[in-house]
Each structure stands twice: as C-alpha cells, then as structure tokens.
Amino acid sequence: MVTIHPDFEARSPWSANNDRLEVRVSPPKSAVQGTIRVPGSKSLTNRALIIAALAKGKSELHGILKSDDSYWCIDSLSKLGVAAAVQQETASIEGCGGVWPNASANLYVGAAGTVARFLPGALAIGHGKWSVSGSKRMSERPQAPLLASLTKLGATFEYSISEYSLPYMLNASGLNGGEVTIPGNTSSQFLSGLLIAAPYAKEQLTIRIDGEVVQRDYVQMTLDMMADFGIKAEVSPDGQSITVPQGNYEARTYQLEPDVSTCCYFWAIAALTGGHIRTEGIQASRTSQPDIEMLHVLEQMGCTVTKGENVVEVHGTDQLKGGFTLSMKKWSDQTLTIAAMAVFADGPITLKDAAHIRHHECDRIAAICAELTKLGIQVEEHQDGLTVYPGVPVPTLVESHDDHRMAMALSLIGLRVQDIRISDPGCVSKTCPGYFEQLAGLGIQVEY
C-alpha cells in the first residue's frame, strides 16, 4: 500500500513560517544596501546527494541547501539504508556502491521535482521493492517520459491512481543497458534522472533524445557533476545522444556553489530600490547555473553589474528600462521574477519560450497573470509566456499558489507598493526557508 500525503505535508522540519497564513511586505525606508551569501544550489544539492549515495565510500558535500527538497532527498536516502548526517551546511554521505542496503521502504519525495525525477532511476539499478509518493501537486506533475523509459529498461511499476504518476510501487531487479529514447521537450530532469543511474546499468547505456532539450544547461550540470565523481559520458556532436560508460562513482569531498536562482531575487531588490546588493561565493564567469543570465538582463534594464572572482555586485537604477522581449527557454525559473520587475519598467516586457513552466509547482504562467491582474496590472497571457505592461499596483492579498517562486517574485512588488500581502509564505521553504527573514534583515518591512 502506498501512502498518499496531504499537500501541506510536503513541508519538512527545515521549513520556516509553516503556521503563517500570510506575510505583508512594504517598501524599505531607503535604498537597500547589503552583503549576503545565499545557501547552496538546490539543483546541485540533490544531484550531489544522490550521486554520493550511489558512490562507494564516504563523501563530504559542503555548502548544501537545507530546504524542503533536500530534506526529503536525505530522508529517502536514509530510509534506503544510506548513512547520511548533516551538520550546518555539510552533508556526510556513506555511499552504498550501487547496492541499496534496504530492499524495501516507503519513500516520500514531498514537492521536490528533482527528487521525484532523480530517485526512480537510482532505485531501478538495485534489487528491491519500494513505494514512492509525494505531495498532491507532485502527483499531478509529468513523470511519463522518465517512468516509461525505465519500464523499457526493465523496471516494473504498480501505479495506485494513474499510469506514470505518483504514487507507485517500484519493483527493481537491475537496469538493462542498450539504447533508450526520451523526449527532450518536457523537462530536462527526466534525462538527468536516466543519466545519474546509467553507470550502474547491466550494459553500457546510450540515451537518445527526441527533439530539442528544454534547459539543456541543467543536463550539462548533471554531466559535469558525474565527471567530477568519476564517470565521463560521451555526447554526440549534435547533442542528441549520450553514451554513459559502466562504472562506479568515486566518493569525494565536494564544494557546492550558492544558488544563483535565489541570488536573482536579491539582485532584483537592488534593481527595484536603487540599492546595492553584494552576493558572495558566485563565480559568474564559471558557473554552470543558467539563471546567471539574470545579470545581463539587469544591465539591459539599466543596472550596473560588477563581477569579481568570488563575488557579484548589483547597483540599482532610478528607472528600470523595458520595451523588449526575452526568451526564457534556458532560464525559465526567473520568468516570474522578470514579470514582477516589469511592472516598474518604462515599457512593456514580453517573456516567451517558457511553456514548460505551466507544469511546475503550479501553472506559473496562468498564476502570475492572475495575480498581476488582481494588482491592477495589465498583462497578456500567451501559450508560452506573457507580456507585462507598466502600472501602479493596488495593495491587495495575492496568492502564492503554494509555489516558492510565486511567493518570492510577488514579494518584489512590495518593495515599491505599501501593504502587499502574500498567502502561505511558508512555501518558500522549498528552496529558501529564511527568505522573508533575510528581507527583514535588509531593512524591508516584513510583517506576519
């Protein structure tokens, strides 16, 4: 029997503000000035946790993100028998060498898309029977390309509600190799999930990609980390097939970068208040995180950006520039951030090539259009994005849609408008549990 959890049980003990119904954000008394160091990258953290768990030997992962997503990842690994300990921002993982110690367990992934997409392949290489469930929204999000591919490679799934969806029971007796084809246009996480498991297949595995890959930079992030742990895959010249050699990941000490996606909200704070935010730990010229593109857009909007060896500084401007169109294909997590900033630009901004974010924690395109409309802002919804027109927002209660990126993006409106109220602020725990506390620390008015 697979246990189905209520949606809000996706919150972990690392969550903040779980009991808060809403948060009120109002403008700071002066331009925001400050230096921050954000936690580690969510994308890098969960990749590293699962790869380290599959490795043979003990890995030390420094700079991990302590959030809902990483909590449920570590919780699942522990239930599989992997010794995992976390002290401050360091995780010690005693890898299993590709053999899960516990051949049965009930695993819960919360609302973590990365865990839901990276864990099934890792389970399929083993021998056992595991139940996997998640939050209500995670059960609604796409899984078919990954689970269908794993089925072709020998895994057996028993679905409790609907085919290719959580919750399910996974029966594994090792992952076959050979060739498998997966579509690239839904989520790069499906491809990454196959890649992470591939070294432990019974034969060398070649993954062929049908169509263009959404957010290919995240696939490269996976390939780079696999290489760091000792497995170097071969990518075809056209990028449409990847061959992964058989082998074992090698345990190691690994330093994770801060989360550039989270940095973007703080850079936006500088932009919107004419302030200055310095973020430490970011090597802008070297990072593989695609949201670093935000810095180019901030310059386009009139901000001044300084990139140092291990630091990024953003100086805001008196008037943000608009009147342009952006493709969000490679860095769609910041679609909502730019949409919120566009309200205060001097011309409309169109965001396109982001149709896939309709399948994230919520339908992000529909959700941001609905909330901006509540605020009295003119917005046009497109199939793959939206156009936001400048305006003067009306103070009101806006809905977070239980989506961390909606809550953080909408908080930016409160930097320029008194009494913007946001429902369910605890949802930011998915990636940045201390977000609203950090805002208050920068002098922004935050009330619960």
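Student: How many of the residues of helix α10 are buried?

Tutor: This is a predicted model, in which local features need pLDDT of at least 70, side-chain atom pairs count only at pLDDT 80 or more, and totals for chains, interfaces and linings use all residues. Residues are numbered from 1 along each chain as its sequence is written, and side-chain values use heavy atoms, with hydrogens and water left out. Helix α10 spans residues 335-342 and is mostly covered; helices are DSSP runs of H or I with at least four residues, strands are runs of E with at least two, and both are numbered from the N terminus. Buried means under 20% relative accessible area, exposed over 50%, and partly exposed in between (1.4 Å probe, protein chains only), and the buried residues of α10, among them T335, M341 and A342, number eight of its eight.

Student: Why does T279 count as buried, and at what relative accessibility?

Tutor: T279 belongs to strand β15, residues 276-280. Beyond residues up to four places away in sequence, T279 touches I36, C263, W267, N310, V311 and V312, where contact means heavy atoms within 4.5 Å. T279 counts as buried because its relative accessibility is 1%.

Student: Which residue has a side chain joined to that of T279 by a polar contact of 3.0 Å?

Tutor: A polar contact is a pair of N or O atoms within 3.5 Å; within protein, one must be able to donate a hydrogen and the other to accept it, and residues adjacent in sequence count only if both atoms are side-chain atoms. For T279, the side-chain partner at 3.0 Å is W267.

Student: What is the length of the polar contact between the side chains of K430 and D69?

Tutor: K430 sits in the loop between β23 (420-423) and α13 (435-441), and counts as buried because its relative accessibility is 6%. Leaving aside neighbours within four places in sequence, the residues in contact with K430 include S67, D68, D69, E361 and H404. The side chains of K430 and D69 are joined by a polar contact of 2.9 Å.

Student: How far apart are the C-alpha atoms of K430 and S12?

Tutor: K430 and S12 are 418 residues apart along the chain. The separation of their C-alpha atoms is 8.8 Å.

Student: How many disulfides does the structure hold?

Tutor: A disulfide is a pair of cysteine sulfur atoms within 2.5 Å. The count for the structure is zero.

Student: Which cysteine has the sulfur nearest to that of C432, and how far away is it?

Tutor: C432 is in no disulfide. C432 is buried, because its relative accessible area is 1%. The nearest cysteine sulfur lies 9.5 Å away and is that of C263.
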